[in-house]
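Hello,

Here is the structure I promised to pass on. My notes on helix packing and the nonpolar cores follow below it.

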Amino acid sequence: MEQGRLKKILRWLYGLFIGAVVVVVLLFFMISKGALGFMPSFEELENPKSNLATILYSADQEVLGKFFHENRTNIDYNELNTNVINALISTEDIRFYKHSGIDSRGLARVLFRTILMGEKSSGGGSTITQQLAKLLFHDPARNLWQRSLQKLKEWVIAVKLERSYTKQEILTMYLNKAPFIYGAYGIESAAHTFFSKPMDSIRVEEAATLIGMLQNPSLYNPLRRPDITQNRRNIVLSQMQKANHISPEEFDSLKTLPLNIRFQRDDHIHGLAPYFREHLRLKLSAEKPERENYASWQEQQFIEDSIAWLEDPLFGWTNKNLKADGTKYNIYSDGLKIYTTIDSRLQTYAENAVKQHIGEEIQPLFFKEKEGRSRAPFTRKITQEQYESIIDRAMRNSDRYRNLKNAGFSTDSIRQAFEEPVEMEVFSWQGNIDTIMSPLDSIHYYKSFLRASLLSMDPQSGHVKATSEAPTTSILNTIWCRRVNVRWDPPLNHLFIPWLCRRD
């Protein structure tokens with residue numbers, strides 16, 4: 001009797017086990033076929049999309065600036081710093097070279113130590129390949145069920161990635177895709193942002209800092225939370241010691257070092273030749289001129305833009321040239337490389353000269369002269385009505401006014417909004433100032449700044465070598481420029497723009 005009952009229990013357990021296996025196999029089959037939501041195709045796995053920054057180079061091969069949605073610059077495996085690779089594998093996936101996308105030992109550790117025993121410090125089970133799958137093909141999950149399904153999909157995608165790419169390629173893709181903070185995406189941009197140096201110059205402790213940040217970039221922010229970021233860096237260094245990438249003596253020495261952050265944020269404003277770069281951006285991305293898109297008083301501008309569209313290779317370049325797939329180029333995501341005639345050394349001298357002459361010598365005298373005067377900074381000869389008209393026109397020409405108007409606010413409501421103090425950042429020659437000021441007061445403030453521009457040009461070729469403005473004058477008010485012989489190399493995404501100029 002007991003033996004028959006035992007056989008029934010065993011048959012029931014075997015059936016339950018086989019049924020569970022069938023369900024799991026069926027579940028993963030359905031996931032791989034996309035029956036439970038998006039699953040990347042073979043073509044998408046072979047050519048994953050990634051936003052790349054457009055980089056502007058000077059004539060002496062220095063980076064002038066970038067245009068980007070995500071500040072990412074891809075690098076090849078042979079350009080990766082060995083310290084970064086060792087730190088990543090030691091910390092995130094010690095058996096990276098031994099598994100095929102899923103680490104069974106890591107999963108067992110998560111199941112027994114993290115889930116059953118509640119040891120949250122025992123680490124996660126996601127391999128580098130799984131993390132890459134998440135970065136490439138998943139948006140953030142909105143709930144636990146969605147995240148659980150994503151996890152299963154990551155396993156399937158990770159296995160497919162391992163079949164499609166080498167280990168070196170997976171490492172490179174992950175480090176190029178990894179998000180940091182302050183607009184930095186990818187390890188190369190992070191190295192420039194936090195240490196002001198290229199990837200090949202990163203030291204061991206700096207590599208450990210960057211890799212440590214990947215676990216939670218907002219939490220391990222070296223600018224706001226240097227202490228916990230340093231502790232996280234030392235954990236990475238400890239893992240590197242366990243993996244024999246550094247000696248115990250090196251670990252003891254490195255863990256005492258400060259972070260030595262040399263922060264340099266990349267954006268569209270800071271850096272060399274910002275007005276020159278903005279002019280390039282506007283010209284490159286110009287739309288085909290249509291009369292209905294111009295105001296009644298912009299007839300001449302419409303005529304000039306129409307001629308430029310036909311005769312100027314640079315004007316509207318991204319809209320006049322198509323990629324291999326027939327779509328237009330995007331200067332924020334297609335990783336273009338633009339080579340200009342600007343010399344970074346001359347550009348630095350030019351900007352320093354204008355800053356010293358205007359910002360340090362003339363502007364303080366001008367502030368002193370206008371202090372306390374009515375209708376400053378304008379001449380006393382204008383009437384109060386003329387003064388108010390100037391300020392009102394400046395208000396109406398602002399983006400804030402246009403946005404509120406387009407949103408349906410009345411003129412009185414907009415005026416009231418302009419008179420209410422808000423937090424803002426304003427320009428000064430000693431550096432930007434965080435303050436509380438009404439938008440209307442900021443108009444008065446900016447009207448008080450003197451303006452100047454400087455141009456340096458090679459008299460033999462006509463190439464512009466340096467431009468500088470202080471702080472808001474467009475150099476195109478004083479010179480006329482045209483672009484000739486624009487060369488485009490599609491395989492390399494390179495654009496060379498020689499600038500030829502003459503006096504108006």
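**Ile-187 and its surroundings**

Start with Ile-187. Setting aside neighbours within four places in sequence, Ile-187 is in contact with Ile-75, Leu-80, Val-84, Leu-175, Phe-180, Met-199 and Leu-210. Keep in mind that this is a predicted model.

Now the cores. The largest nonpolar core has 46 residues. Ile-187 is among those with the most contacts inside this core, along with Phe-180, Phe-194 and Leu-210. Elements that give two or more residues to the core are α3 (82–92), α5 (128–137), α6 (144–164), α7 (167–177), α8, α9, α10 (226–242) and α11 (248–254). The largest share, six residues, comes from α9.

Next, the helix pair. Helix α8 covers residues 187–195, and helix α9 covers residues 204–213. Their axes come within 11 Å and cross at roughly 115 degrees. Angles of 65 to 115 degrees count as roughly perpendicular, so α8 is roughly perpendicular to α9. The crossing of α8 past α9 is right-handed.

Which residues of α8 and α9 make the contact? From α8 come Ile-187, Ala-190, Ala-191, Phe-194 and Phe-195. From α9 come Glu-206, Thr-209, Leu-210 and Met-213. By class, the contact of α8 with α9 has seven nonpolar residues, one polar and one charged.

Best wishes

Definitions and conventions
Residues are numbered from 1 along each chain as its sequence is written. This is a predicted model: local features need pLDDT of at least 70, side-chain atom pairs count only at pLDDT 80 or more; totals for chains, interfaces and linings use all residues. Side-chain values use heavy atoms; hydrogens and water are left out. Axes are lines fitted to C-alpha atoms, for helices over the stretch in contact, and angles run from 0 to 180 degrees between N-to-C directions. Helices (H or I, at least four residues) and strands (E, at least two) are DSSP runs, numbered from the N terminus. Angles under 35 degrees count as roughly parallel, over 145 as roughly antiparallel, 65 to 115 as roughly perpendicular and the rest as oblique. A crossing is left-handed if the near helix is turned anticlockwise from the far one by less than a right angle, and right-handed if clockwise. Contact means heavy atoms within 4.5 Å. Ala, Val, Leu, Ile, Met, Phe, Trp, Tyr, Cys and Pro count as nonpolar, Asp, Glu, Lys and Arg as charged, and the others, Gly among them, as polar. A nonpolar core is a set of buried Ala, Val, Leu, Ile, Met, Phe, Trp, Tyr and Cys residues joined through side-chain atoms within 4.5 Å. Buried means under 20% relative accessible area, exposed over 50%, partly exposed in between (1.4 Å probe, protein chains only).
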